Amino acid sequence: MASVDDILAGKYPAKAHAQKVVAFLRRNGFEGDGVIYLEAQKTRLIEDNDTPVPFRQRRPFYYLSGCLLPDSYLTYHINSGELTLFIPPIDPDSVIWSGLPLSPAEAQEIYDVDRVLLTTEVNPTLAHLASQCSGKAVVFAIPEQVSEETSFLPFAETNFSILKRAIEETRVVKDEYEIALIRKANDISARAHTAVLKTAKSATNERELMAAFIGTCIANGSPDQAYPPIVASGTSGATLHYQNNNEPLIDPTTKKRKLNLLIDAAAEYRAYCADVTRTFPLSGKFSPESREIYDIVLQMQQESLQMLKEGVLWEDVHVLAHRIAIKGLLKLGILRGTEEELFEKRISVAFFPHGLGHYLGLDTHDTGGNPNYEDKDTMFRYLRVRGRLPAGSVITVEPGIYFCRFIIEPFLKSPELSKYIDSDVLEKYWEVGGVRIEDNVHITRDGYENLTSAPKSAEELEQLVTG
């Protein structure tokens, strides 16, 4: 079996991705000939400033090119299978400041394309391709991602309706190269999470831990984060997408170290994302209440993982996680009633309000999940993936239990629902904040492959913090 580095030594499989997109078009009724046209993200300046906005490549363009250069273009002739990349010509003024850009010959060696031309040749090439198409020539493009100077006049038809969906649906099933990229992002993320654990004992503020994470990612080849890190200490862990990341680790009221830190942070590697969450005790030892909740969440994840394989209905896995949460919270006395009644009344949503996970790839919340945010059922409203999981997909498995007053107090005030929660027992758990454990999982025909290697057992987390 080839190693990650061996796989990534090859070229990003842009042409294979283009062929998959064409196969989607064929399955959806397109029988003719035509051209796929995509543009890279443009270089843009910060408003009232001569410094570029931080660059993030357009994902549809990257998926069919593997190219991170701004201001580039591509065409793919459907019948011939010819993929052409267009890169910017030399700008003498820019060379003074930034050096020589990539040449067409150099780009030809790097990217999985048939030809590399300059962007000045886009319109002549489009006209030539239109004349080469058999039958009615159709150009497929994405609305609002076509430059004003680009001309589709030589084509009999311009289709803006399907290409974006074709790419988004095709991206769900990853190939070997994409899995290697996600694994690499996870490996770097695991090193960064370990660095945070080792820094936690001496740190005094959330921002120190964020710095440890980002610095480790950069040092290991990932200058970009997959998303803004969430570094939440104490009760801030109950805020799902907490972003302050600057609070002291000592509670200003009690003058004691806060119980836990929830860190949801991950590297991006060559445009592919990891998404990893860990929760650990800042003192190096879980409090009894924190350990009880941690063990429930870990069980939610472990039993969910055992269900995973090609064709499993994601809603069923999500339901299993809720049922385990109900059993655990019943055992602690936080919940009251029968398991079935608590499930039917959706009481667990007060403690586990989000979906179990989402697809992962070129985006953290990757495409193709078909969520239904209008769902009247609160247990499924925020589930980002609906339906059966295909082999080759990568999904996050991220159960959590949170003690968020904003979410729980309406249940406590409800005449119908308050009887299911013991507020006296609950009082002992508010300081736990939130516990979430998140891994990235590759779905296979017969099971799954966990791509995340960051420390996870309670004992290992404690040992790394205490040193």
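Guide: Domain 1 and domain 2 bury about 1,600 Å² between them. Of that buried area, 56% is on carbon and sulfur atoms. Keep in mind that this is a predicted model.

Now place the two partners along the chain. The domain assignment puts domain 1 at residues 4–171. It puts domain 2 at residues 176–466. Their centres, taken over C-alpha atoms, are 37 Å apart. Where they touch, 17 residues of domain 1 are in contact with 18 residues of domain 2.

Next, look at the polar links. Across the interface, 13 residue pairs are in polar contact, with both residues at pLDDT 80 or more. Which elements of domain 1 give two or more residues to the side that touches domain 2? They are helix 1 (4–8), helix 3 (59–63) and helix 7 (163–170). Helix 1 gives the largest share of that side, with four residues. By class, this side of domain 1 has eight nonpolar, two polar and seven charged residues.

Side chains of opposite charge can pair when their charged atoms come close. By the salt-bridge rule, the count for the protein comes to 25. Between domain 1 and domain 2, the count is five salt bridges.

Find arginine 171 in the structure. Arginine 171 forms a salt bridge with aspartate 363. Their closest N and O atoms are 2.9 Å apart.

Then find arginine 59. Its side chain meets that of glutamate 268 in a salt bridge, at 3.4 Å from N to O. This pair links distant parts of the chain, 209 residues apart. Arginine 59 sits in helix 3, and glutamate 268 sits in strand 10 (residues 267–269).

Finally, check the confidence. The protein averages a pLDDT of 97. Confidence is lowest in helix 4 (residues 92–98), at a mean of 88. It is highest in strand 13 (residues 394–397), at 99.

How values were computed: Residues numbered from 1 in each chain as written. Predicted model: local features only at pLDDT ≥ 70, side-chain atom pairs only at ≥ 80, totals over all residues. Heavy atoms only, no water. Domains from an automatic or database assignment. Contact = heavy atoms within 4.5 Å. Buried area = accessible area lost by both parts, 1.4 Å probe. Salt bridge = Lys/Arg side-chain N within 4 Å of Asp/Glu carboxyl O. Polar contact = N/O pair within 3.5 Å; in protein donor to acceptor, adjacent residues only side chain to side chain. Nonpolar A, V, L, I, M, F, W, Y, C, P; charged D, E, K, R; others polar. pLDDT = per-residue confidence, 0-100.
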